[in-house]
Amino acid sequence: MKKIINDPHAVVDETISGILKAYPYHLRMARESNRALVRADAPVQGKVGLCTGGGSGHIPVFLGYVGPGLVDGVSVGNVFSSPSADDMLAATKEVDGGAGVLYIFGNYSGDLMNFEMAAEMSGLEGIEVQLSIVADDVASAPREERHRRRGVAGLFFAYKLAGAKADTMATLAEVKATTDRVIAQTCSIGVALSPCTIPAAGTPTFTIADDEMELGMGIHGEPGIERTRLMKANDIAATMVEKVVSDLPFTSGDEVAVLVNGLGATPPEELFILYDRVHDLLRDRGLKVYRTFVGEYATSMEMAGASLSLLRLDDDLKDLLDAPASSPFLPQWRRA
Amino acid sequence: MSESFAASDVASLLLDAANDLESRSEELRVLDAAIGDGDLGITVQLASKAMRAYLASANEPSIGRLLAQCGMTINKASPSTFGTLLASAFLAAGKAVPDKDYVDPAGLVLMGEAAVEGVKKRGKADVGEKTMLDCLVPAVEAFKVAIECGSDLPHALQQAVTAAEAGLKSTVNMQSRHGRASWHGEKTIGVQDAGATAMYYLIESLARHLH
């Protein structure tokens, strides 16, 4: 293990501490938990509060999505491990502006159990909570079993559009309906080239030969669809586009937002090489690319690889995608 | 021997169990890494450590509140799948004996049954799906049958451990339906479930120290 750290068990707390020092005008710690952070001006009165959370090791997921036009609070657990229901409750209390709170999070059993527990505890505190669960990874289960799919980089679209919807002062039910519609229109797939190491464990999450890649691998190293020889970027693009487009399916004439996401160790150059072909393949299929995002939106520490996510848009969703939002982790979003 | 226990007895029992479970953490880590996400060893370590810290200072006369506090302690220390389910089991067991200062074997049956329901509800799981329930459910059932048939506590505990062990072994041939292990599909057949293994060690330890 070769990492710039002090103590493997202090990685999460020292990361949070550094982020709070770097961005004191954006974020603050919740009063009742040092694993819960909220936007500096939380709560926004009358607005539905949005909370997310999950294991650490995926920046900008989850902390990086806190901000105006995005989510209001997060709770973070240890690396790849859910935060506690208590941490989630601490964030919930501080983002509730009187209109209820929506939890938006990836479909992992540990997170689900804790968010459900936190929702029950929030109910006892008089805060109404609803859940929207992101399950966009087409490689993790067949379409008929969508409820089993993992949540990956598609979280980005859910946060962005839910944040914009909440800013319209819509009700909790309306924000949840829009968020669920975004989730239903989002499909993703990833490819992994090399593993990452959980600092406290000290050993890589999986092993893979230098000349191999795994299609469909999850962001914690969960097994994918198949392990193959490392393909050329154009072939990886073709495989990813086929898997994603045929899943929803996206059809000729659809307008889409595209996200090519790096998993942590893959340089931006390679992401743009991938996007170069993805763009052409989508155009060849008659899809219209409305907006494109290329960069690190959901990582897995130093894992090498990339994911492709597509969101099918309509006029309402396009407006929400373009609404202002701000986070120090999303520099291209000063004003769309 | 006395067959009823005060909260202080339960606290020392849980302390022993936490120590026993922690001594198995490396074995559980390896087992979990095979088909799970490998965090069970860390979970067990953190949960045991937090339980020890809580129990060392706990002076709680109500068994219900003691168990509920243990549940919250475990969830805070280790909100992983296993930690959260274990916490749910403790919270539910605590609710089953809300203001009791002591518990007898019939009370232990109620606590066991409540723990089962707590885990089933939180994990949306049932027996036969390669989880800790495959160990916990038969153990509680065997214990209940033995107590209801008039067995003494040591015999009933022995029955529970025997059933837990058989339940644990039955997970080898099951396919995972929950959590990260489920994504390995058929590859999980032939591997003993890590969560059920941890549950077996917990039941075995509780039974041994209750004896």
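Tutor: This is a predicted model. Begin with two paired strands: S3(A) and S5(A) run in the parallel sense and are joined over three bridges. In one of them, Cys51(A) has Tyr103(A) of S5(A) as its bridge partner.

Student: Which strand pairs with strand S3 of chain A over five bridges?

Tutor: That is strand S4 (residues 73-79) of chain A, which pairs with strand S3 (residues 49-56) in the parallel sense. Here Gly54(A) is bridged to Val76(A).

Student: In what order do the six strands of the open sheet lie?

Tutor: The order in chain A is S1-S2-S4-S3-S5-S6, with mixed pairing. Strand S1 (27-29) and strand S6 (129-134) are the edge strands, each pairing on one side only. On average, neighbouring strands are turned by 25° against each other, direction ignored.

Student: How many residues of S3(A) are buried?

Tutor: In a regular strand, side chains alternate between the two faces of the sheet. As for S3(A), eight of its eight residues are buried. Helix H4 (residues 155-167) of chain A lies across S3, S5 and S6, at about 170° to S5(A).

Student: What do the buried residues of H8(B) pack against?

Tutor: Residues three or four places apart on an α-helix point the same way, because there are 3.6 residues a turn. Buried residues of H8(B) include Leu153(B), Ala156(B), Ala160(B) and Ala164(B). The buried residues pack against helix H6 (105-123), helix H7 (133-148) and helix H9 (194-210) of chain B.

Terms used. Residues are numbered from 1 along each chain as its sequence is written. Chains are lettered from A and ligands numbered from 1 in the order in which they are written. This is a predicted model: local features need pLDDT of at least 70, side-chain atom pairs count only at pLDDT 80 or more; totals for chains, interfaces and linings use all residues. Two strands pair if DSSP finds at least two bridges between them. Helices (H or I, at least four residues) and strands (E, at least two) are DSSP runs, numbered from the N terminus. Axes are lines fitted to C-alpha atoms, for helices over the stretch in contact, and angles run from 0 to 180 degrees between N-to-C directions. Two residues are in contact if their C-beta atoms, placed from the backbone, lie within 7 Å. A residue is buried if 20 or more other C-beta atoms lie within 10 Å of its own, exposed if 12 or fewer, and partly exposed in between; C-beta atoms are placed from the backbone.
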